[in-house]
Amino acid sequence: MSIDVRPSPQALETLDWDKGDGLLPAVVQDADTLQVLMLGYVSAESLAATLAIGHMTFFSRSKQRLWTKGEQSGNVLAVQSISVDCDTDTLLVLARPAGPTCHTGAESCFDGAPKDFLGGLDQLVAVREALRPSGSYTTSLFEGGIRRIAQKVGEEGVETALAAVAQDDEALLGEASDLLYHLLVLLRARGLSLEDARDVLEKRHR
């Protein structure tokens with residue numbers, strides 16, 4: 001089950017707070033890369049605060065108070081969705097981090113936690129589109145306009161097809177990588193994302 005990111009007393013009532021003496025473990029994943037970022041604990045009050053403000057708020061067992069991740073560093077976790085496990089005593093939170101999650105400065109509190117690189121690249125492309133840093137190839141593509149980006153996707157598609165029939169695996173992988181990157185840029189130029197394309201594939205699969 002999922003909890004909408006808004007105050008929802010009905011959703012709170014379904015949770016089993018007794019098993020953990022009023023606390024539930026919450027596993028936080030990056031909404032784009034699915035990398036596990038951290039594990040924390042929530043109380044009914046901290047979960048209500050999370051739903052109200054949209055930033056992950058835990059109950060600090062050491063400080064015995066509510067603690068919003070990033071309240072000092074600014075590295076907040078913007079909650080996208082909250083799911084509950086089958087026993088209703090553990091939460092899975094998908095969030096977008098505004099900087100490193102770990103106090104060490106690492107992306108994740110779990111060293112070497114796997115992640116989806118393509119999802120991360122999609123988010124980097126989104127940042128490039130928003131900020132348009134000078135000297136960036138991605139910036140130059142966005143400033144060239146949708147037709148120029150579409151042309152690049154067409155060129156890379158042809159080069160990928162040619163590599164498939166006339167070149168070795170290394171060449172094919174190189175061209176396929178170029179195609180994927182330019183396709184991400186094209187989607188962003190149209191206000192879409194990798195996640196939108198994944199949703200279509202998932203619906204077709206079902």
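Analyst: What follows describes that pocket and then sets the next one beside it.

This is a predicted model, in which local features need pLDDT of at least 70 and side-chain atom pairs count only at pLDDT 80 or more, while totals for chains, interfaces and linings use all residues. Residues are numbered from 1 along each chain as its sequence is written, and side-chain values use heavy atoms, with hydrogens and water left out.

A pocket here is an open set of points on a 1 Å grid over the protein atoms alone, where a 1.4 Å probe fits, with protein on both sides within 12 Å along at least five of seven lines. The largest pocket holds about 460 Å³ of space, a volume being the space filled by probe spheres set on the points, which are joined across faces, edges and corners. Its lining, meaning residues with an atom within 4 Å of a point, comprises 22 residues, and Asp30, Thr33, Pro97, Glu107 and Gly120 lie nearest the centre.

Helices (H or I, at least four residues) and strands (E, at least two) are DSSP runs numbered from the N terminus. Both β7 (91–97) and α3 (117–131) supply at least two lining residues of the largest pocket, and α3 gives the most, with five. By class, this lining divides into 10 nonpolar, six polar and six charged residues, where Ala, Val, Leu, Ile, Met, Phe, Trp, Tyr, Cys and Pro count as nonpolar, Asp, Glu, Lys and Arg as charged, and the others, Gly among them, as polar.

The second largest pocket, of about 390 Å³, has β3 (36–42) among its contributors, and β3 provides the largest share of that lining, four residues.
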